[in-house]
Amino acid sequence: MRVSVTDDPATTTTSRTGGPPAPADPLRTASFAELRSLFAMEPDAVHLNTGTIGVMPYEVLDVNDRVTREWNGGLRNVYPPGMYPEHRAAIGRAFGVDQDEMVICHNATEGVARVINGLDLHEGDEVVTTSHECYSVLSNFNLLRNRHRITLTVLTPPVGPDVTAEEIVDLFARAITPRTKVLAFAAVTLFTGTRMPVRQLCDLAQRHGLTTVVDGALLPGLFDTDLRALGPDFVTCSGSKFQCGPLGTGLLYVRNKVHPEHNPLPLPTFWPVISTWYPMMGAPPPRTTTRVESYNMGDYLQSAGSASIARGAALAKACELWDRIGRDRIERHAVALGDHTRARIAERFGVESLYSPLTDGRLTAPVVAFNPFPDPSDGWNITKFARLVDELENRHRIWTRWTEFDIAGSPHQHYAARICTHLYNTADEVDQAVDAIADLVRELS
Ligand SMILES: Cc1ncc(COP(=O)(O)O)c(C=O)c1O
């Protein structure tokens, strides 16, 4: 089976992210082959590891460099621009939220650490999460377990081509007890590339009065997302992966008002750790119960000493480019290439080689994890996966990565090769990678 991936110029003229872009903007109608030239790609390399780090556009590199120089050793007040009010407003608009709910932080790890350590959790409170979360999530919840004696329930989600959204939601539903206070899960999992059913899980949480923490590291720049409409309380994102901003940038969404159609629950008590804006005496005003904020929670979190003004500006530039190209268009291209990748892998290594979902289209993302080795026991042979990824890079300059994760009922830690596709990739690159993997698998088997 082959999925055709067209070099599709814009097929729509409107975007969820703020109405139609200027009709004259050439980026909106440029082909993906033309758009590729915007990026500082390594020549002769095939970059299929955007889930770890994206490629910055030249313009983003330029902004980073120019703004660094502008603020180097100057005598101007560095604190106001480090609050990024305009950048937060523009980026917030692209993700359907307001400036008071948006923070530019240093990476998804910092964002999630600030959220988890800011939750109002006490001894005996329970958090339900999964073993497929990033180390940044599991490590911070374990810190709370050790520090505050919370209970952590870690589920192992089902994997493979036939997994359904309902199975995942049921797994969470069965784990909720009267002590549960928080559900925490990734928007797209790092290890198996499962696009979690975020809206359904938020609905479940809302029915039980629970707070939701979503690790959205792989969300921005990939999926054209309205964060508020997804219904969570917190979403923490990386700026340097699919959004292609500089390393050391992230986004943090904190629900700061009540839009009942998306999440009718009262705002959770939240302690904004790392802040120079949280009052030094007394307490902030009560949190709002309406659509109008009672204070700017984004400012509380953003104001945290001297900031990387240049990196914030460069991330804002990357977001602006995405808005001009069309986030809907970028999503369609990356997703079509992800479908192409799954089809080629299924054709070459068998459908059962996929750890990523296949049949339930609600769960698929262009982050594809698989075991290409014919002997199933190679699935827990770290040496073979490490060799495979190293040789792809050394011999072919094809950049992928391997991942490790639990599988329910298996005594082993499993390994996968992972391919991510993005707006600068082509179907030919995927085919080249799959051919090279097939050759290496023969050699290593
Ligand atoms: C799902 C997920 N969460 C969190 C992280 C951590 O991201 P960052 O490097 O921005 O801290 C990653 C990194 O790969 C990830 O894939």
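Let's start at the ligand: a backbone N or O atom of alanine 108 lies 2.9 Å from one of its oxygen atoms. This is a predicted model, where local features need pLDDT of at least 70 and side-chain atom pairs count only at pLDDT 80 or more, while totals for chains, interfaces and linings use all residues. Residues are numbered from 1 along each chain as its sequence is written, and side-chain values use heavy atoms, with hydrogens and water left out.

| Residue atom | Ligand atom | Distance |
|---|---|---|
| Alanine 108, backbone N or O | oxygen | 2.9 Å |
| Aspartate 215, polar side-chain atom | nitrogen | 2.5 Å |
| Lysine 241, polar side-chain atom | oxygen | 3.2 Å |

The protein covers 87% of the 390 Å² of accessible area that the ligand has on its own (Shrake-Rupley method, 1.4 Å probe; for residues, only the protein chains shown count as cover).

Now for arginine 311, which sits in helix H11 (residues 309–325). Helices (H or I, at least four residues) and strands (E, at least two) are DSSP runs, numbered from the N terminus. Glycine 248 is 63 residues away from arginine 311 in sequence, yet their C-alpha atoms are 7.7 Å apart.

Over in helix H8 (residues 198–207), the buried residues include Val198, Leu201 and Leu204. The buried residues of H8 pack against helix H7 (165–175), strand E5 (180–186), strand E6 (211–215) and helix H9 (227–230), with contact meaning heavy atoms within 4.5 Å. Just after H8, glycine 209 has a positive phi of about 70°.

Last stop, a sheet. Three strands make an open, antiparallel sheet in the order E9-E12-E11, where two strands pair if DSSP finds at least two bridges between them. E9 (367–370) and E11 (401–406) are the edge strands, each pairing on one side only. Six bridges join E11 to E12 (residues 413–420), and threonine 403 stands opposite alanine 416 in E12.

Conventions
Buried < 20%, exposed > 50% of the residue type's maximum accessible area, 1.4 Å probe, protein only. Polar contact = N/O pair within 3.5 Å; in protein donor to acceptor, adjacent residues only side chain to side chain.
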